[in-house]
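Here is a quick tour of one protein model, going from a single residue out to the whole fold. Have the viewer open as you read.

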Amino acid sequence: MQDNCGRTIRYLRLSVTDLCNYRCRYCMPEAGVEKRAHRDILSVEECVEIGRAAVNCGVKKIRLTGGEPLVRRGILDICRGLSAIEGLEELCMTTNGSLLPQLAAVLKEAGVSRLNVSLDTLYPDRFSSITRCGCLADVLAGLEAAERARFTHLKCNVVLIGGLNDDEIGDFVALTEHHPWEIRFIELMPMGQCADWEQHCFLPAEEVLRRVPALRPCESSGTAARYRVPGWRGTVGLIEPMSHRFCSRCDRIRVTADGKLKPCLHSDAELSLRGLHGAELENAIRRGIAQKPEQHHLTDGGSDTSRNMNEIGG
Ligand code: SAM
Ligand code: SF4
């Protein structure tokens with residue numbers, strides 16, 4: 001389905017929980033978030049019903065996110081239910097990777113087609129500091145488990161933070177020499193926990209090209225501009241919501257774990273989908289798509305959403 005600006009919407013990001021086993025400084029409050037009552041978050045059946053309705057509205061790709069999707073009870077049932085929807089072409093997941101050692105193989109069996117794993121540093125101490133409680137070895141083991149489970153096209157999400165991990169740009173790009181992965185550098189967006197961080201933290205992703213001049217453009221994918229070092233196995237993606245507004249190419253809608261459809265990540269416009277079924281549910285999704293704003297104003301006034309990133313899913 002097309003929105004009012006002529007963009008074809010084919011991608012749903014479905015947040016299945018706002019809880020997480022990490023507390024990344026830019027995303028979650030240090031004390032975590034209060035656990036909601038079960039009845040306040042979408043049930044397994046509701047997640048699948050919303051997925052099916054979205055596919056009927058033209059969605060071809062669903063990404064499960066959170067919080068951390070792998071801490072959600074029933075995540076495998078959600079994956080099985082969604083992957084069985086006729087017309088859905090891709091079921092993807094963005095995860096911090098910490099639970100992949102145990103779960104990668106079963107996720108593959110449950111129909112997940114692709115994984116994005118978040119990894120902001122390759123130094124163990126720095127990793128524990130950014131995530132406040134994470135262990136780098138778990139995530140590296142998770143990436144290995146994903147490869148063993150035959151996940152292909154693995155992507156690593158690296159949020160670029162000036163003064164914190166920009167000295168690792170070269171090390172991250174070097175991973176693409178032998179791994180067929182896409183390393184995606186994401187510009188830090190000033191919202192929630194990092195809304196008032198100092199200006200030097202917000203580094204344009206183009207810095208990656210300046211630091212690694214050997215990178216050459218290759219075919220772009222979705223919202224990412226893509227590059228590679230000629231002859232290397234993997235690619236490098238730049239996601240630049242701050243320096244290059246990609247709103248005109250945005251093809252996505254989001255649903256939060258409490259069942260609100262968000263036409264835009266940075267708008268606080270939300271439509272409740274709970275309690276709706278069949279044609280009513282589809283009509284609400286169509287209304288949400290039609291209301292998708294033309295663009296965000298992150299760079300002129302900041303994000304309009306009052307939610308933290310763990311409540312939306314990135
Ligand atoms: N827990 C999972 C993970 O970390 O991959 C999924 C949810 S997380 C909110 C989704 C993505 O959003 C992660 O790659 C994370 O690094 C990114 N993210 C969180 N806060 C961000 C911010 N302020 N700016 C840019 N990316 C952010
Ligand atoms: Fe958790 Fe992902 Fe947010 Fe980190 S970025 S706190 S792993 S939800």
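## A residue inside the sheet

Asparagine 116 sits in strand E4, which covers residues 114-118. Bear in mind that this is a predicted model. Is asparagine 116 buried or exposed? Its relative accessible area is 5%, and anything under 20% counts as buried, so asparagine 116 falls in the buried class.

Which residues does asparagine 116 touch, once neighbours within four places in sequence are set aside? The list is Arg63, Met93, Thr94, Thr95, Lys155, Asn157 and Arg184.

## The sheet as a whole

Zooming out, the protein has eight helices and twelve strands. An open sheet takes in twelve strands, in the order E7-E8-E9-E6-E5-E4-E3-E2-E1-E10-E11-E12, and the pairing is mixed. At the edges are E7 (216-221) and E12 (271-272), each with pairing on one side only. As a reminder, strands of a sheet pair through backbone hydrogen bonds, in a parallel or an antiparallel way.

One of the pairings is between E6 (residues 182-187) and E9 (residues 235-239), which run parallel and are joined by five bridges. Within that pair, isoleucine 186 has isoleucine 239 of E9 as its bridge partner.

Strand E10 spans residues 252-255, and both of its faces are covered. In a regular strand, side chains alternate between the two faces of the sheet. Here Arg252 and Arg254 lie on one side, with Ile253 and Val255 on the other, and all four are buried.

How does E10 pair with strand E1 (residues 11-15)? The two are parallel, over four bridges, and leucine 14 stands opposite valine 255 of E10. With E11 (residues 260-262), E10 pairs in the antiparallel sense over two bridges. Arginine 254 has lysine 262 in E11 as its bridge partner. The hairpin made by E10 and E11 has four residues between the strands, and glycine 259 in this hairpin has a positive phi near 85 degrees.

Most residues other than glycine have a negative phi. Two exceptions turn up in the loop between helix H5 (136-148) and strand E5 (155-160). Arginine 150, in that loop, has a positive phi near 70 degrees. Histidine 153 also lies between H5 and E5, and its phi is positive too, near 50 degrees.

Arginine 150 has a relative accessible area of 66%; the cut-off for exposed is over 50%, so arginine 150 is exposed.

## Overall size and surface

What radius of gyration does the protein have? The value is 18 Å, which agrees with the figure near 20 Å that a compact globule of 314 residues would have. Along the principal axes, the C-alpha atoms fill a box of roughly 50 × 45 × 40 Å.

Of the 314 residues, 55% count as buried. Among contacts with a separation of 6 or more, 73% come from residues 24 or more positions apart. The accessible surface is about 13,500 Å², and carbon and sulfur atoms own 48% of that. As for charge, there are 40 positive and 42 negative charges, and their mean positions are 4 Å apart.

How values were computed
Residues are numbered from 1 along each chain as its sequence is written. Chains are lettered from A and ligands numbered from 1 in the order in which they are written. This is a predicted model: local features need pLDDT of at least 70, side-chain atom pairs count only at pLDDT 80 or more; totals for chains, interfaces and linings use all residues. Side-chain values use heavy atoms; hydrogens and water are left out. The radius of gyration is taken over C-alpha atoms; the globule rule is 2.2 Å times the number of residues to the power 0.38. Buried means under 20% relative accessible area, exposed over 50%, partly exposed in between (1.4 Å probe, protein chains only). Contact means heavy atoms within 4.5 Å. Accessible areas come from the Shrake-Rupley method with a 1.4 Å probe; for residues, only the protein chains shown count as cover. Lys and Arg count as positive and Asp and Glu as negative; His and the chain ends are not counted. The place of a charge is taken as NZ of Lys, CZ of Arg, CG of Asp or CD of Glu. Two strands pair if DSSP finds at least two bridges between them.
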